[in-house]
Amino acid sequence: MPQGSAEFGAFCPTLRPFPGAARYQMKGKLKFGLLGLVLIHLVVLGARVFAPYDPAEQHRDSPFAPPMRLHWVDARGHTHLRPFVYALVYHPESSAAVPYKEDRNRRLPVRFFVEKAIAGVEAQGAKHLRLFGVDPPGEIFLLGTDDFGRDQLSRLLYGGQVSLFAGLFAAALSLGLGVLLGSASGFYGSWLDAIIMRGAEIFMALPWIYLLFAVRAFLPLHVGARESFFLLVGVIGLTGWARPSRLVRGVVLSAKHREYVLAARSFGASNFYLLRRHILSETYGVVLTQAALLIPQYILAEVTFSFLGLGVSEPAPSWGNMLAALQKLSVLESYWWMFAAGLVLVPVFLFYHLVADALQQGA
Amino acid sequence: MASLLKVHDLTVCYGDRTERQIRAVSGVGFDLVEGEGIGILGESGCGKTSLASAMLGLLPRGGYVLRGSAVFRGTDLLTLGEPGLQRIRGAEISLIHQEPALALNPVLRVGDQMAEILIAHRRMNSKQARNEAKKVLEQVGFSVDSNIDQAFPHQLSGGQKQRVVIAQAIACGPALVIADEPVASLDAVVQMEIINLLQSLRKRLNLALILITHTPDILVPIAQRILVMYAGRIVEQGPAHQVLEAPLHPYTQGLLKCGLDLFPRESSVRPLASIPGEPPNLAALPTGCAFAPRCSDRMEVCEARAPIELHPEKTRDVWCFKYE
């Protein structure tokens, strides 16, 4: 049998371990990605409980404190069941880059489910439950502090509320618009199609970062955190509809000529009904995949804007304005924990892309 | 019997309104009384489907009605407009399309696809509609406990799908069902099953039925009258048995000869017949009879002018100079 084995190889370029393996793998990816995302979002949403401090609460006596280490074994070799941290002592006259030292005599056991007063005048001494904390006057900074001595962990959690949900809302907005305009364009065709698609091209050509500069220029200098959040979501969401609308239009174009659409029409279905029931259901796959791709892109957009000072303004935290501290070379060089907000983006993006990948395989 | 549908001088064109116009249907007219079954017979591309689509305003893009009327129970369907047509489609006139496999949405359950028609036309809530859908599915021969309404289309055979589509068509009790090649994609045994089902439904519900086909055999149980179309025109019409047994027009004669006799007697064995040539280009129809180039009985007059309606027998019309 000449060249027999070579031919066999040519016919079976990929051998799968068992039928349906790809699908099985896809489901695993989807589950893993979604689980990760749900966990991250739950923790961020529960910032009030998970964060040991309020995001704007300042500890002026400990600027740029490094992350504290959790210990189980103390200086004398005793093992404790309850983890603890050592209080940090600030040495302003020290020449070290990070002028802090652990004070081995001040052990601060970590307490779980503590009542802690809310900072600020308006709170009027109200208290609420936090997952963990240490007995005052001790302080615990598991991810260090920034230049005002604000707890990085707390800011990271509260900042996630801004950054993650800005991405989510902006994606919802541009996908909503995209589906609306794309399906109208594909279904009704003719001049409506021409207008919408030319509009989409204009929006795709827009340099949106400068568009935001322009929009921002029309607004007063100081915009509140809430307003700037919605402004960001609005601008990112409204400029991003073009790409999803083209994809949706493509799906609608092919779906509207299906026989069952014609059949439904000859049983008396109206245009709107056909669109809603028989055509839009075909776009779900594309829309879901687009969502999983757009959300991380928009999270990054928010981070970029806030990094440039165009986004959510201090003292409200966002991952972007936390990273803005790195614009100073001294901070960039000396305080590695200030990168935290950038590092958390990595797992978030990975999870989203895992989900997008799985959806694409499934579609 | 009361007249149900009167089609007069219906002309359907494709393309722009000036030159290069393609006349898919020209000057077609016929009457239909309540409960009557008629068959429209002709080759592919002779305008049968355009005729059916035009009556319900379902012509594909680029197609339009040039002139004519189709009066259904006193209203002209051709001037009714989309909202009016939507109330009629599925409720009073149903159109069954060629491919049952494609006429059902693959991701919706059969029962839901039945129910949506009832909800649209009979103002039922979804529970009532679902129950009613089960009853209609029973009428087309599914047993009560088959739970067919819970099935997805891919779980059904071709014949079952076509029965579901027929059930959709009769769900709202229409007066007229137009079936466009309803059995073309089914195998021979199932074809007869579906045809018999249509016939029994027609009898039971007093439906008028327009059956569009290129196979004369399936018209036998259903059609009382047959219209033969060629190149967008009716070339012959008359009572079904007369047209099938003693066709007048050379085209009908040729078409019927093309049929396959599976068990011929020794004396009647003959080579398989066909009509030479092909249907004319509808954009450039000859001035005379459109069938003349392919006709074996061609005369000089055939190429000179278009044939007129002739009545060689009392009940029959034929458009051919042979009978002048």
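Here are a few friendly notes on the predicted model shown above.

1. Let's begin with the layout of chain A. The chain is divided into domain 1, covering 68–140, and domain 2, covering 154–362. Between the C-alpha centres of these two domains of chain A there are 40 Å. As for secondary structure, chain A holds 14 helices and five strands.

2. Next, the overall dimensions. Chain A has a radius of gyration of 27 Å, whereas a compact globule of 363 residues would be near 21 Å. Along the principal axes, the C-alpha atoms of chain A fill a box of roughly 85 × 70 × 40 Å.

3. Now to burial and contacts. In chain A, 35% of the 363 residues count as buried. If you take the contacts in chain A between residues at least 6 apart in sequence, 70% of them join residues at least 24 apart.

4. The nonpolar interior deserves a look of its own. In soluble globular proteins, nonpolar side chains tend to be buried together. Here the largest nonpolar core has 161 residues, and B:Met114, B:Ile226 and B:Val228 have the most contacts inside it. Helix H4 of chain A (residues 152–188) supplies the largest share of this core, with 13 residues. Apart from this core lies another, of 11 residues, which include A:Ala65, A:Met68, A:Val85 and A:Phe141.

5. Which residues is B:Met114 in contact with, leaving aside its neighbours within four places in sequence? They are B:Ala133, B:Val136, B:Leu137, B:Asp149, B:Ala167, B:Gln168 and B:Ala171.

Definitions and conventions
Residues are numbered from 1 along each chain as its sequence is written. Chains are lettered from A and ligands numbered from 1 in the order in which they are written. This is a predicted model: local features need pLDDT of at least 70, side-chain atom pairs count only at pLDDT 80 or more; totals for chains, interfaces and linings use all residues. Domain bounds come from an automatic or database domain assignment. Helices (H or I, at least four residues) and strands (E, at least two) are DSSP runs, numbered from the N terminus. The radius of gyration is taken over C-alpha atoms; the globule rule is 2.2 Å times the number of residues to the power 0.38. A residue is buried if 20 or more other C-beta atoms lie within 10 Å of its own, exposed if 12 or fewer, and partly exposed in between; C-beta atoms are placed from the backbone. Two residues are in contact if their C-beta atoms, placed from the backbone, lie within 7 Å. A nonpolar core is a set of buried Ala, Val, Leu, Ile, Met, Phe, Trp, Tyr and Cys residues joined through C-beta atoms within 7 Å.
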